[in-house]
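I opened my notebook for a first look at a new structure. Here is what I looked up, entry by entry.

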Amino acid sequence: FAQFLLAETIGLNAAAGVGSVSAMNLSDLITAAVSLRAGDEEYVGWVINPNLAASTAAEGLNFLSMARHKAQYYGLKEDGIYRLGGDTDAGADINTFISLAQSDFGTPKQKRIPYAYIGAASDGRMLLRVLVNGQSYTYGTKNPSSDMAEQRVDIGKGLRGNYWQFELLNQNGEDFEIDKVKFLPVVLER
């Protein structure tokens, strides 16, 4: 369950000094879990890391409570107990994403980000969604690997902006594990 939630959304700050590499190590992230219920409304499970001020949400679980027993996670509903695990959700792909915080990389000046490097192990090609100037662009990794390795993403040459935001996505429910993400901003002087 924790691995599923970790892959769902992690709001990490990608800020770095001008000319430096921004790297985020995703270790020691999960520190608390809560299941919420509001009448007949859909439940949302949250995993919170106060050290990073980051949160993760899982929608559609609709459990009254959740528990861990012998490294397995379970959810309780009115009709029974469900073990959380597996590669699908009742046969449907589990598509996940990680949304990083919007950043100006330590300078208000316009910048380009020609490449991103993702330390990841993935069953398939990871996607990087780039949000800049109110537009969204999606690019794939160049060298996917099922072993933990640095995967490069080439970002569109014409993109420039002050604030950037990034999202990492899987495709077709493919498994992935993220270690770090690096951005190499080029500050524009004009």
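**Rings in the interior**

I began with Phe166, which is buried, since its relative accessible area is 0%. A reminder to myself: this is a predicted model.

Phe105 and Phe183 make an edge-to-face pair, with 6.0 Å from centre to centre and 65° between the planes. This pair connects distant parts of the chain, 78 residues apart: Phe105 sits in the loop between E10 and strand E11 (111-112), and Phe183 in strand E17 (residues 176-183). I checked their burial too: Phe105 is buried at a relative accessible area of 1%, and Phe183 is buried at 0%.

Why do I call Phe166 and Phe183 stacked? Their ring centres are 4.0 Å apart and their planes meet at 25°, so the pair counts as stacked. Phe166 lies in strand E16 (residues 164-169), 17 residues away from Phe183 in strand E17. I noted that ring pairs join Phe105, Trp164, Phe166 and Phe183 into a cluster.

**The sheet**

I then traced an open, antiparallel sheet of 4 strands, in the order E10-E16-E13-E14. Strands E10 (97-99) and E14 (135-140) are its edges, each pairing on one side only. On average, neighbouring strands here are turned by 20° against each other, direction ignored. Between E13 (residues 127-132) and E14 I found 6 bridges; Val130 has Tyr137 in E14 as its bridge partner.

**On the surface**

Last, I looked outside. Leu64, Leu76 and Ile81 form a nonpolar surface patch with about 270 Å² of accessible area together. Ile81 belongs to strand E7 (residues 80-84) and counts as exposed because its relative accessibility is 64%.

Note on methods: Residues numbered from 1 in each chain as written. Predicted model: local features only at pLDDT ≥ 70, side-chain atom pairs only at ≥ 80, totals over all residues. Heavy atoms only, no water. Patch = residues over 30% accessible without salt bridge, like charges linked within 9 Å, V, L, I, M, F, W, Y side chains within 5 Å. Areas by Shrake-Rupley, 256 points an atom, 1.4 Å probe, with all protein chains shown as cover. Salt bridge = Lys/Arg side-chain N within 4 Å of Asp/Glu carboxyl O. Helix = DSSP H or I, 4+ residues; strand = E, 2+ residues; numbered from the N terminus. Buried < 20%, exposed > 50% of the residue type's maximum accessible area, 1.4 Å probe, protein only. Pairing = 2+ DSSP bridges. Axes fitted to C-alpha atoms, helices over the stretch in contact; angles between N-to-C directions. Phe/Tyr/Trp six-rings, centres within 6.5 Å; stacked < 30°, edge-to-face > 60°.
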